[in-house]
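Please read the following report alongside the sequence and the 3D structure. It covers strands, a disulfide, salt bridges and a pocket.

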Amino acid sequence: MYYMWYILENYGSDPAITSLVNNQELYFIPIVNSDGLAYNESVAPNGGGLQRKNRRDTGACSTYNDGIDLNRNFGYYWGNGGSSSDGCNQTYRGTTFFSEPESQIVRDFFLDHDFKLVLNHHSFKNAMLHGYAGVTPATLDAAGVDRREDEFAKYNHDMTHFNRYAYGPSTQISALNSGNMNDWMMGPAVAGSTGGPGAGKDTMAWTPENGSGSEAGSTGSGFWPDPLLIDDIARRAMRANFLAAYFSGKYAKLIDLTSSNVNSLTGNFDFGIEYLGQTNSDFTLTLTPISSNITGLTSPGTQTGMATLEQRIVSAPYTLDSGVQPNDAIEFKVALSNDDGLIYEANIIKYYAPTLLFEDDE
C-alpha cells in the first residue's frame, strides 16, 4: 500500500515514475489473506497478532491455529515436505492443493496474464526468498530446466543493496516449504514428484520477508508488527518494488569505463551497457558535448538483440581542441534510451592531463 501511494502521489511530477507507469503494466493485490488480517486487527490492534493462516475452521484448534497456510496450498510440489497434514499446525497445507478461495483467486488472476516478475510480500525475516522452496537441492525443475539462478543472483544483489536483506533460494535461506506460491508461478506445466503442475509461465517470483522479530507487538512476533513501525518496514521494501518493475521491462544500466584523466587530444570514451530487463528492446547511447573544448564527439550505434544479463562495451570517438590546457574540465552529457524513451541521463566531467598529486600502486 505504501508503494502504491508513493506512485500515485508522484505520478506527473517525478519523470521516472511517470515514465514507468506510462510504459509498463503494474498489477497489485494489496491483501491475499484478508480474513487472517482482519482477525489480527480485531484481536491485536496494537500489533503482535499471530494469525498467519487464513481463518478456515480446521478443527478444535487453539487461538491463531485454525486455518490453511496459503503459502503451502499451491500446486507445484504440494505436500513434498515443510508442510503439515495437521489442521491445527501452523503450516497446514489443506486437504489438496488450491483448496482455498484465496489461492484459487491468485491462480486464476495469474494465469490470465503474462507476468515477467512477481513479488509476494510476506513477514517476517528481512530476506528475499525465491524458488524452488518445495524441493532440495533446488537446481532443476521437474522438466529438467535450470531455475535461472544467474538472473536471480543479479536481481537479488541489486534489490537488497541498501536494506541488506539476506537472499537466495528458500531452502538455503529459510527451510523446505512445499506448496509455495513462488514455485507454482515459476514451475513448468508438468507435475513435480508430488502435487500438480506449475503455471507453465516460467515467471521469476520472490517472497520478500519484511520486518524482524524485534519490530513486533506485545507477543514479540513480527508477523503482525507494531503499527508505528510499519512505515519503516515498508520503506525498506521500496527499492525491491521499483527494481522489480524496472527489471520486468526494457531496463539497462550504463557504466562509465573511462578514467577521469584524459591525456590525448583524440581517443574514445568507453561505456558498458548491461541489459537487465525481461522485455526485448534496442538501446541507444547519445553523447552531447557541453564544454567548448570538445570539437568532435560521435555517439555509438544502437545496440540490438541484447540478451538479459548481457554486457557490451561501446565507444564514442572524441576530438579535443588543440588549445586545451592541463587540468581543464571536459564535460559532456550522456543519455541512454530504450524503445520507449529515456532511461538515464547525466553530465560527465573528465580532466585533461590533470596534475598528479600522489600515486599509490599498492
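Thr 286 stands opposite Ala 335 in β11. The structure is a predicted model, in which local features need pLDDT of at least 70 and side-chain atom pairs count only at pLDDT 80 or more, while totals for chains, interfaces and linings use all residues. Residues are numbered from 1 along each chain as its sequence is written, and side-chain values use heavy atoms, with hydrogens and water left out.

**Strands**

Strand β8 (residues 284–289) pairs with β11 in the antiparallel sense, over six bridges. Two strands count as paired if DSSP finds at least two bridges between them. The strands (E, at least two residues) and helices (H or I, at least four residues) are DSSP runs, numbered from the N terminus. β11 is also joined to β12, by 10 bridges, and these two strands run antiparallel. Ala 329 has Tyr 351 opposite it in β12. With two residues between them, β11 and β12 form a hairpin. In general, strands of a sheet pair through backbone hydrogen bonds, either parallel or antiparallel.

An open sheet is formed by four strands in the order β5-β7-β10-β9, with antiparallel pairing. β5 (252–256) and β9 (294–297) stand at the edges with a single partner strand each, so one side of each has no neighbour in the sheet. On average, neighbouring strands of this sheet are turned by 30° against each other, direction ignored. For such angles, axes are lines fitted to C-alpha atoms, for helices over the stretch in contact, and angles run from 0 to 180 degrees between N-to-C directions. Three bridges connect β9 with the antiparallel strand β10 (residues 311–320). Leu 297 has Tyr 318 as its bridge partner in β10.

**The disulfide**

How many disulfides does a search of the whole structure find? The search finds one. A disulfide is a pair of cysteine sulfur atoms within 2.5 Å. Here the pair is Cys 61 and Cys 88, with sulfur atoms 2.0 Å apart. The link of Cys 61 and Cys 88 is left-handed, with -85° about the S-S bond. Cys 61 and Cys 88 both lie in the loop between α3 (34–43) and α4 (101–111), so the pair ties together parts that are 27 residues apart in sequence. Cys 61 is buried, at 17% relative accessible area, whereas Cys 88 counts as partly exposed at 26%. Buried means under 20% relative accessible area, exposed over 50%, and partly exposed in between (1.4 Å probe, protein chains only).

**Salt bridges**

A salt bridge is a side-chain nitrogen of Lys or Arg within 4 Å of a carboxyl oxygen of Asp or Glu. The whole structure holds 14 salt bridges, including those in the table.

| Pair | Closest N and O atoms |
|---|---|
| Arg 148 and Asp 202 | 3.3 Å |
| Asp 340 and Lys 250 | 3.3 Å |
| Arg 312 and Glu 310 | 2.7 Å |

Arg 148 forms its salt bridge with Asp 202. Arg 148 lies in the loop between β2 (127–130) and α5 (149–159), and Asp 202 in the loop between α7 (181–186) and β4 (204–209), so the pair ties together parts that are 54 residues apart in sequence. Arg 148 is buried, with a relative accessible area of 16%, while Asp 202 is partly exposed, with 39%.

Asp 340 forms a salt bridge with Lys 250. This pair links distant parts of the chain, 90 residues apart: Asp 340 is in the loop between β11 (329–338) and β12 (341–352), and Lys 250 in the loop between α9 (238–247) and β5. Asp 340 is partly exposed, with a relative accessible area of 37%.

In the pair of Arg 312 and Glu 310, Arg 312 counts as partly exposed at 22% relative accessibility. Glu 310 also counts as partly exposed, at 25%.

**A pocket**

The second largest pocket has a volume of about 470 Å³. On a 1 Å grid over the protein atoms alone, a pocket is an open set of points where a 1.4 Å probe fits, with protein on both sides within 12 Å along at least five of seven lines; lining residues have an atom within 4 Å of a point. Grid points are joined across faces, edges and corners, and the volume is the space filled by probe spheres set on the points.

Which residues lie nearest the centre of this pocket? Of the 18 lining residues, these are Ser 19, Tyr 246, Leu 342, Ile 343 and Tyr 344. α2 (15–23), β5 and β12 are the elements that give two or more residues to the lining. α2 provides the largest share, five residues.
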